[in-house]
Amino acid sequence: MTQQQYPGQFSQSARDGGETGSSSDRTGEFGRFRSSLPHRSREHRILGGVCGGLAEAWGMPVTAVRVGAILACLLPGPMFLVYLAAWCLMLDEPAPAQH
């Protein structure tokens, strides 16, 4: 019996070049995902730099993003977990090069 493929779905051999269970591919994909996220700010940091990094990436004032985050915490649901996840996933902004 042949497995039906849907648009956007790839077979295991097409996805990782024929290797099955390659953990380096998964690590590489996760690293690429993390590097594609905005970086936590070094300059605009109160707790972890998440709001500062998002404000820099979105081109918004840092205060507006912080107020939005505080207002979102008032909504029902564990918004602090979303902030914590962003803190864990977002990389630190690269240190400025010293000459």
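This is a predicted model: local features need pLDDT of at least 70, side-chain atom pairs count only at pLDDT 80 or more; totals for chains, interfaces and linings use all residues.
1. Basis. Local features need pLDDT of at least 70 and side-chain atom pairs 80 or more, while totals for chains, interfaces and linings use all residues. Numbering runs from 1 along each chain as its sequence is written, and side-chain values use heavy atoms, without hydrogens and water.

2. Helix pair. The axes of helix 3 (residues 50-58) and helix 4 (residues 62-73) come within 8 Å. They cross at roughly 125 degrees. Helices here are DSSP runs of H or I, at least four residues, numbered from the N terminus. Axes are lines fitted to C-alpha atoms over the stretch in contact, with angles from 0 to 180 degrees between N-to-C directions.

3. Contact. C51, G52, L54, A55 and W58 of helix 3 meet V62, V65, R66 and A69 of helix 4 (heavy atoms within 4.5 Å). These residues divide into seven nonpolar, one polar and one charged (nonpolar: Ala, Val, Leu, Ile, Met, Phe, Trp, Tyr, Cys and Pro; charged: Asp, Glu, Lys and Arg; polar: the others, Gly among them).

4. Lining of the largest pocket. Helix 3, helix 4 and helix 5 (79-89) each supply at least two residues. Helix 4 gives the largest share, seven residues. The lining divides into 16 nonpolar, five polar and one charged.
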